[in-house]
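Open the model in your viewer and keep the sequence panel beside it. The stops below are given in the order in which to select them.

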Amino acid sequence: MGVFGSGLYSGDFALDLRSTVSAVVRLPYDGDKLIQILCESEPAAANNLDAEDHTTFWLVAADQFAKRGIACERVRDKALAIIDSGADLAMLGKLGMDPSGLRKRQKMLLELRERITAPAARRKPRPVLKKPQALLMDVGDVLVYPTFGGRCRNPYFASSEKDRMGTQALAWTRDSWSAMVIVDCGHAFDFLAWYRPLTVSRATAHKPTLDELRGEVLWRLTRAGTCSPVHFRRMEFEKVGVLPIDADKLRSLFPGIRPGTRAAVSDISIANGVSVAPYVPEVLMPKPGEPANYSRGKPYPTILGIGQILSG
């Protein structure tokens, strides 16, 4: 549960789920379909009665649906059952919340109960996507982009001057380059665009060319992510060519690859996965055949040479 308190959004999970709800409610579906999508995005919390985040999942969903005027009997009834049974208080007590915190939580739950049982207020229809998000990149697209010691630009900052790794750190400044190939992309629930990049393992001092990238370069498969037009522009992605990705070869070498549905639903930016060495420890990107070293985390799957996943 991470950091938690008596408030509904005091915990890390609740805050993350609120962000996920904000992304999901852009879909042009009714409440029943929306909660189904949310349950699929957090199956353990949604379905496991013993999970520490189970009650939080349903209470946050009910609160967000009520605030947005989204009708869903399943969400309302589940939240009311949790409140009336004392299940939420029991779980928090089990996790170590003190009596004072539990009393504050009880007050919050009563306020939440009033909110989700109140007659729905008349409000404007929520804004939803009218058509699928445009795919800014396609399978096979090769893109280069600037880095700062291997770290890509944080696109959530409008100015690179504000992009710092701490108040005393240097502002992000272009001093090197990286490259990626989009090996998979698509739409989650027919609307939300996502991309799966394969990046080079290490930044270079100069902007790499397509011919150089076709050489004996170490590539690593990273997480899927979303990419809005604003993020695409701020990260300075530049398309330098297209390579013929063979889907069968790709999945043979990376059998664990999955669609980027979770990233799309949670709106996790592609920026979270395209920084490279030296910012990303090279121990996390071993060459194929080298023993995995878990001292810095789970290593990424890699290939030596992009030709291994090209057709022809």
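The tour goes from a helix to a core, then to a helix pair and some backbone details.

The model is predicted: local features need pLDDT of at least 70, side-chain atom pairs count only at pLDDT 80 or more, and totals for chains, interfaces and linings use all residues. Residues are numbered from 1 along each chain as its sequence is written, and side-chain values use heavy atoms, with hydrogens and water left out.

**Helix 1.** Select residues 12–24, which form helix 1. Helices (H or I, at least four residues) and strands (E, at least two) are DSSP runs, numbered from the N terminus. From first C-alpha to last, the 13 residues of helix 1 reach 18 Å, close to the expected 18 Å (1.5 Å times one less than the number of residues). Now colour Phe13, Ala14, Leu17, Thr20, Val21, Ala23 and Val24, which are buried (under 20% relative accessible area; exposed is over 50%, partly exposed in between, with a 1.4 Å probe and protein chains only). Their cover includes helix 2 (31–41), helix 3 (43–47), helix 4 (54–68) and helix 11 (261–266).

**The largest core.** Show Leu27, Ile35, Phe57, Leu59, Phe65 and Val75, the residues with the most contacts inside the largest nonpolar core, which has 44 residues. Such a core is a set of buried Ala, Val, Leu, Ile, Met, Phe, Trp, Tyr and Cys residues joined through side-chain atoms within 4.5 Å. Helix 4 gives the most to this core, with 7 residues. Centre on Ile35: not counting residues up to four places away in sequence, Ile35 touches Phe57, Trp58, Ala61, Phe65, Cys72, Arg74 and Val75 (contact means heavy atoms within 4.5 Å).

**Helices 4 and 5.** Select this pair next. Helix 4 and helix 5 pack at about 130 degrees, with axes 9 Å apart; axes are lines fitted to C-alpha atoms over the stretch in contact, and angles run from 0 to 180 degrees between N-to-C directions. That angle makes helix 4 oblique to helix 5 (under 35 degrees counts as roughly parallel, over 145 as roughly antiparallel, 65 to 115 as roughly perpendicular, the rest as oblique).

**Backbone details.** Go to the loop between strand 3 (176–188) and strand 4, where Phe189 lies. Phe189 has a positive phi of about 55 degrees although it is not a glycine. Asp190 lies in the loop between strand 3 and strand 4, with phi near 70 degrees, and is exposed at 56% relative accessible area. Finish at Pro278, in the loop between helix 11 and strand 7 (302–304). A cis peptide bond joins Ala277 and Pro278, with omega about 10 degrees.
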